Amino acid sequence: MTRTTTRTTLDLTGLKCPLPALKTRKALKPLQPGDQLEVHCTDPLSVIDIPNLIRETGDKVEITERNDARIVFLIEKTNGSIGSANAALRS
């Protein structure tokens, strides 16, 4: 039986750093590998913060839209996490 992937939209417009990254991290936790999170932001710092967060979590991110009004990220939850892989190497 195959599981269908889901796409969740997270509207973070109007929020300032560090809230978009913190709320994105929280929204990613319950997702299953293959699920997508579409994040809408207006904070210009999110183009730095969210890709940095995704590097930490080991998921995949692309910016699908960027203009004066907003930035849209499409994040795909992956199987692994860089953080947990690093922790495993240390133990």
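Which side chain does the side chain of Thr-57 make a polar contact with? In this predicted model, the partner is the side chain of Asp-59, at 2.9 Å. Thr-57 also has something to reach on the backbone: a polar atom of its side chain lies 3.2 Å from the backbone oxygen of Ile-54. You'll find Thr-57 in helix 2, which covers residues 46–57. Thr-57 counts as buried because its relative accessible area is 15%, and the cut-off for buried is under 20%.

Four strands form an open sheet in the order 1-2-4-3, with mixed pairing. Strand 1 and strand 3 (60–66) sit at the edges with a single partner strand each, so one side of each has no neighbour in the sheet. From one strand to the next, the twist averages 20°. Look at strand 2 and strand 4 as well: they run antiparallel and are joined by six bridges. His-40, for instance, stands opposite Val-72 in strand 4.

Next come the helices. Helix 1 (residues 19–28) lies across strands 1, 2 and 4, at about 160° to strand 1. Helix 2 lies across strands 2, 3 and 4, and runs at about 5° to strand 4.

So what about the nonpolar side chains? The largest nonpolar core has 14 residues, and Leu-37, Val-39, Ile-50, Phe-73 and Ile-75 have the most contacts inside it. Strand 1, strand 2, helix 2 and strand 4 each give two or more residues to this core, with helix 2 giving the most, four residues.

Technical notes: Residues are numbered from 1 along each chain as its sequence is written. This is a predicted model: local features need pLDDT of at least 70, side-chain atom pairs count only at pLDDT 80 or more; totals for chains, interfaces and linings use all residues. Side-chain values use heavy atoms; hydrogens and water are left out. Buried means under 20% relative accessible area, exposed over 50%, partly exposed in between (1.4 Å probe, protein chains only). A polar contact is a pair of N or O atoms within 3.5 Å; within protein, one must be able to donate a hydrogen and the other to accept it, and residues adjacent in sequence count only if both atoms are side-chain atoms. A nonpolar core is a set of buried Ala, Val, Leu, Ile, Met, Phe, Trp, Tyr and Cys residues joined through side-chain atoms within 4.5 Å. Two strands pair if DSSP finds at least two bridges between them. Axes are lines fitted to C-alpha atoms, for helices over the stretch in contact, and angles run from 0 to 180 degrees between N-to-C directions. Contact means heavy atoms within 4.5 Å.
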